[in-house]
Amino acid sequence: MAATSIPFITIEPSQPHTHTVVFLHGRGDTARDFADSLSHSRDSHRRTLVEAFPSFRWVFPQAPTRKCASLPETWPQWFDVWDARDLALNEDLQAAGLREVVPALRRLLADQAALLGRRWDRLVLAGISMGGASGAHVLLNLDVPAEAGGRLGAFLGFSSRCPFAGRGLTGMRQVLALDGVPADDRVIRNTPVLLEHCADDPLVLVQNGRGLRDTLRECGAQVEWREYSDGGHWFHSPTGMDDAVEFLNKHLGTNSSAGISPTPHRGLSDAMDLS
């Protein structure tokens, strides 16, 4: 089978390039609409994430379009699910898409790390909903040489869950059975992780987010968990955005000054995340 190539769009830094964020959208969305929709969510200084980190390159990969196995629709989705209300039902269906996209996303990360002088510790992987679930499996199956930093700069998951949770690190790796997977957990243990979830999320229930938290901790990750009373299936604003900015500043050694004035944002998206 030919290797899958993941297309992407970018927002280039407005200052000299120091870091890159690869940000995965949710089910039913597109890279372009998701990039636009980030302007919905601002921190307490009225900044978007892009405005808060002007030296960052932002990369938005596009999920493949897949026929839904249990529905007549065809959607952009990193992997298929049988029933969004019962994610454990026919769970093995999810493995097929993950086997395809996880290696492709690892190659994309390697390409982006090369642009940073192979400084993987200046590379952030982030995702919302199904994008966060896919990103978690990228993290679980990622090998970063020690001489290249041995880890990612950070992993951020918003409104996310973990397919095949409860099987342990070895069991989850065996489900996908990918090549190039490390024998140890060094990358997981050394990559700082932030997970954010709104308690009133109607699509990915907060208990599924807590399950992702617990699963990553069982695999050795140092997870910072932030739970908000409201916000639905999206980013919490402004507190969640403040927490994300603070987390990245702390773990990447950046200094996102509160004095930055927000710039006019791009058009908002009407796309809906359906994962």
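These questions and answers cover a serine and several aromatic rings in a predicted model.

Reader: Is S160 buried or exposed?
Author: S160 lies in the loop between β7 (154-158) and α5 (168-176). Its relative accessible area is 3%. Buried means under 20%, so S160 is buried.

Reader: Which geometry does the pair of F23 and F34 have?
Author: The ring centres lie 5.1 Å apart. The planes meet at 75 degrees. Planes over 60 degrees apart count as edge-to-face, so the F23 and F34 pair is edge-to-face.

Reader: Where in the chain do F23 and F34 sit, and how many residues apart?
Author: F23 belongs to strand β2 (residues 19-24). F34 belongs to helix α1 (residues 31-37). The pair links distant parts of the chain, 11 residues apart.

Reader: How many residues apart are F34 and W234?
Author: Their rings form an edge-to-face pair, 6.2 Å centre to centre, with 90 degrees between the planes. F34 is in helix α1, and W234 is in the loop between β9 (223-228) and α8 (239-252). The separation is 200 residues.

Reader: Which residues do ring pairs link into a cluster?
Author: F34 pairs with F23. F34 also pairs with W234. The cluster is F23, F34, F60, F158, W234 and F235.

Reader: Which ring does the charged end of R213 sit over?
Author: The cut-off for the charge is within 6 Å of the ring centre. R213 has its charged end 5.1 Å from the centre. The ring is that of W225.

Conventions:
Residues numbered from 1 in each chain as written. Predicted model: local features only at pLDDT ≥ 70, side-chain atom pairs only at ≥ 80, totals over all residues. Heavy atoms only, no water. Helix = DSSP H or I, 4+ residues; strand = E, 2+ residues; numbered from the N terminus. Buried < 20%, exposed > 50% of the residue type's maximum accessible area, 1.4 Å probe, protein only. Phe/Tyr/Trp six-rings, centres within 6.5 Å; stacked < 30°, edge-to-face > 60°. Lys NZ or Arg CZ within 6 Å of the ring centre and 35° of its normal.
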